[in-house]
Amino acid sequence: MTPAAVVDVKTQTEVEAEGAEFAVGPLDLEGALRRVKRGEPLARHTSLRIGGPADYFAEPRSIAELQALVAFAEENGLPWVVLGNGTNVLFPDEGYRGLVIHLGLSLIHI
C-alpha cells in the first residue's frame, strides 16, 4: 500500500517569512480562470472525503487552460498544487491556501 501524500499548506505568514509575496486576488483571465471556484471543499475530491476548502479550485479543460492557471498562480505568488483522482492524498480541515488544479478525469483528455 502506498502511503498517503500530505499537502504542505502554508499560511500567509509562513509564505511571507520565506520572502515571497502572498497575493490572493480576483481571478480575471480567460478560459479556465473564469470557471475557478472559491472555497470549494476538498473533501468532495478526495477518496477519504476529508479536507477543508481551497481558496481557489479549478478543473482545466485543455493544456492551454492548465498553462494559464499555472502562469497566473506563478505571476501572482499564489501557492498551487495539482490534484489527480484524489486517492492517497490528505488535505487538512483548514483546506489549502492557494490554487488547487484538479485534473482528475480530465487528465485523460489533457
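Buried residues make up 37% of the chain's 110 residues, where buried means under 20% relative accessible area with a 1.4 Å probe, protein chains only. The model is predicted: local features need pLDDT of at least 70, side-chain atom pairs count only at pLDDT 80 or more, and totals for chains, interfaces and linings use all residues. Numbering starts from 1 along each chain as its sequence is written, and side-chain values use heavy atoms, without hydrogens or water.

**Exercise 1. State the order of helices and strands along the chain.**

Solution. 
Step 1: count the elements. There are two helices and six strands. These are DSSP runs, numbered from the N terminus: helices are H or I with at least four residues, strands are E with at least two.
Step 2: read along the sequence. The pattern is β-α-β-β-α-β-β-β.

**Exercise 2. Work out which strands stand at the edges of the open sheet.**

Solution. 
Step 1: write the order. The four strands run 2-3-6-4, with mixed pairing; strands pair if DSSP finds at least two bridges between them.
Step 2: find the strands with a single partner. These are strand 2 (37-41) and strand 4 (80-83), so one side of each has no neighbour in the sheet.
Step 3: Axes are lines fitted to C-alpha atoms, for helices over the stretch in contact, and angles run from 0 to 180 degrees between N-to-C directions.
Step 4: check one pairing. Strand 4 and strand 6 (residues 96-102) pair in the parallel sense over four bridges. Val82 has Ile101 of strand 6 as its bridge partner.
Step 5: place the helix. Helix 2 (residues 63-75) lies across strand 3 (53-58), strand 4 and strand 6, at about 165 degrees to strand 6.

**Exercise 3. Describe the surroundings of Glu40.**

Solution. 
Step 1: locate the residue. Glu40 lies in strand 2.
Step 2: list contacts (heavy atoms within 4.5 Å). Neighbours within four places in sequence aside, Glu40 touches His45, Gly52, Pro53, Ala54 and Phe57.

**Exercise 4. Find the aromatic pair and classify its geometry.**

Solution. 
Step 1: search the whole structure. One aromatic pair turns up. Rings of Phe, Tyr and Trp (its six-membered ring) pair if their centres lie within 6.5 Å; planes under 30 degrees apart are stacked, over 60 edge-to-face, the rest tilted.
Step 2: classify. Phe91 and Tyr96 are edge-to-face, at 6.5 Å centre to centre and 75 degrees between the planes.
Step 3: Phe91 is buried at 4% relative accessibility. Tyr96 is buried with a relative accessible area of 4%.

Conventions. Buried means under 20% relative accessible area, exposed over 50%, partly exposed in between (1.4 Å probe, protein chains only).
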